[in-house]
Amino acid sequence: MGLLEKLKEKSRAKSGRASNYENSEHQSQTPLRYSRPPAPLPKSSHRSANLFSENFLLNQDVTTLFPVTDRYPVPLPAGYSKASSPLPTNSFYETLLLEDHSCPVWTHPYSLWIPPKDMNRPGLALNHVDEHMKVFGPDNTLEHPQFFFSPVAILSLCLSAMEFGSSPVQVSVTNPKKLYCHLSLSNGCESNITVPIIQGMAFVSAIYENCQPKLYSNVGFRELTAVGTLNNGMKKYRATLNDNTIWSLYVSTHCDLQFNSPEEITSCSQVPFQGQTLVQVAKLDSPHYDEICGNVVTGMHLYGDSSLVQNETTQTGTYGFNFDLLQSNGPSELAMWTLPHQYTVLSCGKVTDLSLNSTVKGPMRLVRTSGKSVLMTEQLPPHELQFAPWTSLHQSNTSHAISEKAHQEICRVARSEFAADRIVEWSCPDSMYTSGKILDKAAYQLYVLAYEVRDRELTLEALRRLEAALSRFVNNKQPQPLYYESFWKGIVSGAGLDGNIFVDYGNTHYNDHHFHYGYHIHAAALLVKVDKEFDSGQRERWIRPWVEALLSDVATPIEDHSQFPQFRSFDWFHGHSWATGLFARGDGKDEESSSEDYNMSYALYCWGLAVDNKQLVAMGKLMLGVQRHAVNSYMLYSDDNQIMPRQFVGNKVSGILFENKIDHTTYFGQRPEYIHGIHMLPLTPVSSFIRNPKFCKEEWNQRLGKEFVSAIPEGGWRGLLTLSTVLFEPEFAYDFFVRKDFDPLNLDNGMSQSWSLLLAAHAARK
């Protein structure tokens, strides 16, 4: 049991009230007691209940759907077993659960890591990189650099203990949740340090038990100034480093610090200490820190406004974070660092004037709140954005009917495309990703036949074909079956159970699950919708358990599910998903395709519509609203983007977005059509909600253009980039896809010509 868990147990046995520090000059042994917070989902007159307080997916045992594998190539961290609760696999602190813990963890704005043994710094290192330190390359003189990153492993401070000596510390992680975990460092005896690792944490807070603080700096301490004891009883010190940065240090009343050497600050006392000491550090010197220090945030929990479930036409939605506190006699306020897409839409909390740069997402701002919550309110997709073509180019998407001429052209293309269809045969590769794209292509063909061609006979035949193709996956008879992996806990491809990290894009190691399963889920949603409106309506009962098992793997809404972690892929702090699974990387998690990310959110939204799950619909809309803001802040760059470095905005898209780096490339090549296209596909009704016409036109004119696109070799990229003009110049896309000599080789394997033509005809008002 970790220290914070022990403190919780103590609090349950006592009154639950926070104790004060004893204001005495001797070393007090009064512990920091855990003040159990109110239920994280309080109901009040000013805030709705929490959308994420209950699991609104099927409550089922997925081991009845998928075989359970008895082996897995990535070992569990020390202290965990198959009997443990599900572990996050795509979380920001994943590296602490893997390998030697030496890769950084980015809480933003800070990075933290365990120094390697040969550095002789036993403890937790931390750093923050200022804007002027960022590195652009490969040539700093380029007008539009390919990449930029923040330097790593600059050991500004290292939280250690005098009792640790030079031996390597024992590292363990407890209470691993989606938004936080607790890190414990121990010398193997009774001395340990517990640090809550929380996204956006205002302080790096360390709770010392039976040991005395020792701080290292490889940058070097120039000066240590004792500022004095604050009103809340915490003692404040100001440390100036050799790089001219200033760090504020706050310690419990009974602790005094001294400048020991240019590389060390230690406790003044040399007497062995029994008890607990709080140390908090933060970069810069600010009265905001002085007023909120002493409050330790020990947990952060997701909140979503459940009123969205009843109010289906509302234009805004609120989400945010509720906090657990380890309270002393400190103030009632707390704080967190927020990213630009958060503090610009803040609805609960106060944005301060204190700012620190993030690694790759612009300036962060400190937000203070007195209500144990920080909330944001985002614009949601309009209610009429559902399965049908939708565009932001026109105020109304329902009043205009496609002309008879355009209708006949779509019918011609749809009938021809369906006649050549071999969906059952084609959807059988050994990849969940590729098969998902092909299945979804057939689903969009089905939509066109049902709702535009309106040929019942063809619709029912297309429905049967799609059902037959999906049944292979529902029955788990595809070349590489899925397994329930009971170690980390999730649904994975069997292809990589032998340790192969490359097969099926790393699905077995939890890479890209939101990309892969999103296509399958959307295809199933269209199957169910058309079945209910044109046939028996019985297919939902057959396919729903399988679909909601995949949904649970990617987007379980609750924190304490027995078989899956909460929101495996989607990061509510960053506003988008991370595609990287169980891999420790020097620049952190990454996301290569913004469009396949929000395609997953669109898919779960559509599935909610298809099965009338209003909570799922609300969750999907809220995710899409958050993604729209985040994606247009950090991945798609309009000329007026004020967040990203000016010299990088001209690239128009991020390429691969890491936690600590942005590289304008892809994992499969550096051609412009790859880099831009991977942030476009698939083009669906929600694309126009995310990708605004202004940005799309700039991207086309500055980086692509008709001459470039027409010269793209066969292979699908030409068709994809041409279809992207449906978002700002749809006549061009319509003229391309309506041609009687259209070459199907211009289609990506997930693209339907008939759907592309319908999308263009609707946007162009043909």
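Which side chains meet in a salt bridge at 3.1 Å, N to O? Before the close-ups, a note on the model: it is predicted, with local features needing pLDDT of at least 70 and side-chain atom pairs counting only at pLDDT 80 or more, while totals for chains, interfaces and linings use all residues. Numbering runs from 1 along each chain as its sequence is written, and side-chain values use heavy atoms, leaving out hydrogens and water.

**View 1. K283 pairs with D130.** Here's the 3.1 Å contact, N to O, one kind of salt bridge (a side-chain nitrogen of Lys or Arg within 4 Å of a carboxyl oxygen of Asp or Glu). K283 sits in strand β18 (residues 276–283) and D130 in the loop between β4 (124–127) and β5 (135–137), so the bridge ties together parts 153 residues apart in sequence. Strands are DSSP runs of E, at least two residues, and helices are H or I, at least four, numbered from the N terminus. K283 is buried at 3% relative accessible area, and D130 is buried too, at 18%. Buried means under 20%, exposed over 50%, and partly exposed in between (1.4 Å probe, protein chains only).

**View 2. R238 reaches D285.** The closest N and O atoms are 3.0 Å apart. R238 belongs to strand β14 (residues 235–241), D285 to the loop between β18 and α2 (287–292), so parts 47 residues apart in sequence get tied together. R238 is partly exposed at 26%, and D285 is partly exposed at 36%.

**View 3. R671 bridges to E673.** Their closest N and O atoms lie 2.4 Å apart. R671 is partly exposed at 38%, whereas E673 is buried at 2%.

**View 4. A salt-bridge network.** Shared partners join D639, D640, K652, K694 and E698. The whole structure has 38 salt bridges.
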